[in-house]
Amino acid sequence: MAAPGENLKIDGARLWDSLMEMAKIGPGVAGGNNRQTLTDEDGEGRALFQSWCEAAGCTMGLDQMGNMFARREGADPDALPVYVGSHLDTQPTGGKYDGVLGVLGGLEIIRSLNDLNIKTKHPIVVTNFTNEEGTRYAPAMLSSGVFAGVHAQDWAYEREDAEGKSFGDELKRIGWRGEEETGARKMHAFFELHIEQGPILEAEGKDIGVVTHGQGLSWTQVTITGKDSHTGSTPMPMRKNAGLGMAKVLELVDEIAWSHAPHAVGAAGHIDVFPNSRNVIPGKVVFTVDFRSPDLSVIEDMEKRLADGARKICDDMGLGLELEKVGGFDPVTFDEGCVAAVRNAAERLGYSHMNLISGAGHDACWINRVAPTAMVMCPCVDGLSHNEAEEISPEWAEAGANVLFHAVVETAEIVG
């Protein structure tokens, strides 16, 4: 297939204006966004996206999970579409670019093709996946997971937020539950543009990350039980300090992750201490250990060493221990052909680039199960994300979208 000429570029200023306009919906308290999934703000952002897509001549599809599909027709009505997109929902204290860049970068491809009067053989479909963040409804990447057959739709509908409101009810309430069967669509390929959410590209001075793999993830919920007692009057030999047990286990987690450097990581982000009183020795702690690696055998080793080591720590201290696997997915190897299209686009356009392993989960990780998939990444300042201070430059956004444009259009095949 013929590659697009290197003079073909998206309109970087228009893309940036769209990012800033979307950021006005669900503003955060510190310059970012709070546009959590299935809130009124999410509905408002979806409506704006739909209006832009329809203005660009697209037809909008909507499935039963609320996934949005804006289609630009191709010259061959029988050719499978090339899909491109990400998500519009944010963290409670999210930035203006995480996910949104991938959706609006896809829209910018459509707008630029229209400007240039370019036809493609394959249709191009810009996608907004529902509830990628997983902050209101766990797990993350919920709707792309249903699309890929990882989760059952009925199970997804039953997920509840902190107020007991179900996913299914809230999807109906905001008016974005479609009739189309989730996962019925077939894809020729899928591409996702995303900010790196890490510091590597900026530190290495690279414009583009060519994502070859996605890290696998393992979440283990650890419950340690001891005995509540007075911090002042309980002799040291008679204490059953669950908090101290947790501290030793967390030190073990760090040691395990370091033993598989540089690609493995591990920490505990969610921690509850009971009764969490200043003068009571903790009688119970519950925390979740997050291990990640691009190598499944490494994840399995880390899980085993955690289980064995935590058991010994707790046995030696006279503490109770429960371990429960509460989430995870295997490492992802993205499609060689799609990855090559991204790399070739970066080279053709003269952007500096390097291979990357994504440390975060993305919708592309699930879609990779049902279609050839690849990701493009651009730098973000100090690698900061899931934070209202998340920042990228217009130049980084434009470079990422240009590479996305070329990879998608090459795969969709220019006609004429």
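Glu 21 is partly exposed in this predicted model, because its relative accessibility of 35% lies between the cut-offs of 20% for buried and 50% for exposed residues. Its salt-bridge partner is Lys 24, and the closest N and O atoms of the two side chains are 3.2 Å apart. Lys 24 has a relative accessible area of 56% and therefore counts as exposed.

This pair is one of the salt bridges in the structure, which holds 18 in total. Another is formed by Glu 163 and Lys 165, with an N to O distance of 3.3 Å. Glu 163 is exposed, at 62% relative accessibility, whereas Lys 165, with a relative accessible area of 38%, is partly exposed. Salt bridges with shared partners also connect Asp 40, Arg 136, Asp 161, Glu 170 and Arg 173 in one network.

Within this network, Arg 136 and Glu 170 form a salt bridge in which the closest N and O atoms are 2.7 Å apart. Arg 136 is located in the loop between β5 (124-128) and α4 (142-147), while Glu 170 belongs to helix α6 (residues 167-173).

A negative surface patch consists of Asp 11, Asp 17, Glu 395 and Glu 398. Of these residues, Asp 11 is situated in the segment before α1 (12-22).

The unreviewed UniProt entry lists Asp 98, Glu 133 and His 386 under "binding site". These positions are spread over 289 residues of sequence but cluster in space, with a largest C-alpha distance of 9.5 Å. Asp 98 lies in the loop that runs between β3 (82-86) and α3 (100-116). With a relative accessibility of 4%, Asp 98 is buried, because the cut-off for a buried residue is under 20%.

Asn 67 is likewise a loop residue, placed between β1 (59-62) and β2 (68-72). Its relative accessible area is 0%, so Asn 67 is classed as buried. Asn 67 and Ser 143 are 76 residues apart along the chain, and a distance of 7.1 Å separates their C-alpha atoms.

Key. Residues are numbered from 1 along each chain as its sequence is written. This is a predicted model: local features need pLDDT of at least 70, side-chain atom pairs count only at pLDDT 80 or more; totals for chains, interfaces and linings use all residues. Side-chain values use heavy atoms; hydrogens and water are left out. Patches are made of residues with over 30% relative accessible area and no salt bridge: like charges are joined within 9 Å, nonpolar side chains (Val, Leu, Ile, Met, Phe, Trp, Tyr) within 5 Å. Accessible areas come from the Shrake-Rupley method with a 1.4 Å probe; for residues, only the protein chains shown count as cover. A salt bridge is a side-chain nitrogen of Lys or Arg within 4 Å of a carboxyl oxygen of Asp or Glu. Lys and Arg count as positive and Asp and Glu as negative; His and the chain ends are not counted. The place of a charge is taken as NZ of Lys, CZ of Arg, CG of Asp or CD of Glu. Helices (H or I, at least four residues) and strands (E, at least two) are DSSP runs, numbered from the N terminus. UniProt positions are given in the numbering used here, feature names are shortened, and annotations may be inferred rather than shown by experiment. Buried means under 20% relative accessible area, exposed over 50%, partly exposed in between (1.4 Å probe, protein chains only).
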